Amino acid sequence: MHFITGATGNVGRQLVERLHARGAGVRALTRNPAAAALPAGVDIVAARDGSFPLDGVCAVFLNPAAVHDTVDTLLGQAIDAGVRRIVLLSSSSVLDDHPVNHTGITHRALEDRIRRTGMEWTFLRAGMFAANTRQWVASIRASDTIRAAHTAARIAPIHEADLAAAATRALLTDSLLGTAPVLTGPDLLTQTDQAELIGAAIGATVHLEQVDPDIARKLMVAQKIPPNVAESLLRYYERTLTHPIQPTPISPETADEHPRSFREWVHDHAADFR
């Protein structure tokens, strides 16, 4: 049995569907099991009073954002339940030890805690999620304009389907065991490039306005992004100006698969921006 946290989120839902399609047993953790809409045969559960249903579980997919301040409780219960393997959705920000990089600091500490558990582990160090561009939805709908800082920074946004593919491999095979791959999309893009691709997908001209980082921070917080996360995102863009990203997309599992581009992600999610 594979225990998937954040099972109805961007990565989790696709991971559950992939595992289920391969005949693997799946127990899916979600806040609202009644509304999960996951495949028939998936064991859909909620954590109750800090207790996780880990009986019979051989491996855990851990999305820290899905369990928040109960991560240590989950790890302790996983050890007690005899869970053999843990796959962590980590962040490439762990490679930057700047003190304002909250995301990197917290994920690096979590990686260290998992190493000490004695369980088998894989850390999927994700680069910038393509889904982060949803923070621009309100601005695009209101004025066909994106306001952002560090617009010359070139990043390689990753499609959540590629992260789900990597997690599937890490859970079902030993090919990523004991590794911490940095995973990105296949193409380097500026925010201007991203704006143009979003515009093409929705049939509109989307303008990009560069703003001071302080203004960008306020705009992100207004979109309910926690201040420390907003600071980490701005730091990520700023760092790429001096430490260019080298794209490291996941290798396809089958001959008919390929790393998914940001253009494909926008096509998949164009309705979000209309």
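This is a predicted model: local features need pLDDT of at least 70, side-chain atom pairs count only at pLDDT 80 or more; totals for chains, interfaces and linings use all residues.

User: OK, V211: buried or exposed?

Analyst: V211 counts as buried because its relative accessibility is 9%. You'll find V211 in the loop between β9 (207-210) and α8 (213-222); helices (H or I, at least four residues) and strands (E, at least two) are DSSP runs, numbered from the N terminus.

User: What is V211 in contact with?

Analyst: Leaving aside neighbours within four places in sequence, V211 contacts R147, A148, A149 and A216. Contact here is heavy atoms within 4.5 Å. V211 and I146 are 65 residues apart in sequence, and their C-alphas are 9.8 Å apart in space.

User: Switching to the core. How many residues are in the largest nonpolar one?

Analyst: The largest nonpolar core has 29 residues, and those with the most contacts inside it are I4, L15, V16, F61 and L171. Such a core is a set of buried Ala, Val, Leu, Ile, Met, Phe, Trp, Tyr and Cys residues joined through side-chain atoms within 4.5 Å.

User: Which elements give two or more residues to this core?

Analyst: They are α1 (10-21), β2 (26-29), β4 (59-62), β5 (85-91), β6 (120-126) and α6 (160-172). The largest share, seven residues, comes from α6. Apart from this core lies another, of 21 residues, among them V45, V71, L75 and F123.

User: And what does V16 touch?

Analyst: Not counting residues up to four places away in sequence, V16 touches I4, A7, V26, A28, L38, P39 and V42.

User: At roughly what angle do the axes of α1 and α6 cross?

Analyst: Roughly 50°, and the axes come within 8 Å. Axes are lines fitted to C-alpha atoms, for helices over the stretch in contact, and angles run from 0 to 180 degrees between N-to-C directions. α1 and α6 are therefore oblique to each other: under 35 degrees counts as roughly parallel, over 145 as roughly antiparallel, 65 to 115 as roughly perpendicular and the rest as oblique.

User: Which residues make the contact?

Analyst: From α1, N10, V11, Q14, L15, R18 and L19; from α6, E160, A161, L163, A164, A165, A167, T168, L171 and L172. By class, that contact has ten nonpolar, three polar and two charged residues. Ala, Val, Leu, Ile, Met, Phe, Trp, Tyr, Cys and Pro count as nonpolar, Asp, Glu, Lys and Arg as charged, and the others, Gly among them, as polar.

User: How about α7 and α10, at what angle do they cross?

Analyst: The axes of α7 (residues 191-202) and α10 (residues 262-273) cross at roughly 55° and come within 9 Å. That makes α7 oblique to α10.

User: Last topic, phi. What about H68?

Analyst: H68 isn't a glycine, yet has a positive phi of about 50°. Most residues other than glycine have a negative phi. H68 sits in the loop between α2 (64-67) and α3 (71-81), and counts as exposed because its relative accessibility is 51%.

User: And D144?

Analyst: D144 also has a positive phi, about 55°, although it is not a glycine. D144 is in the loop between α5 (137-143) and β7 (145-148), and at 31% relative accessibility D144 counts as partly exposed.

Definitions and conventions. Residues are numbered from 1 along each chain as its sequence is written. Side-chain values use heavy atoms; hydrogens and water are left out. Buried means under 20% relative accessible area, exposed over 50%, partly exposed in between (1.4 Å probe, protein chains only).
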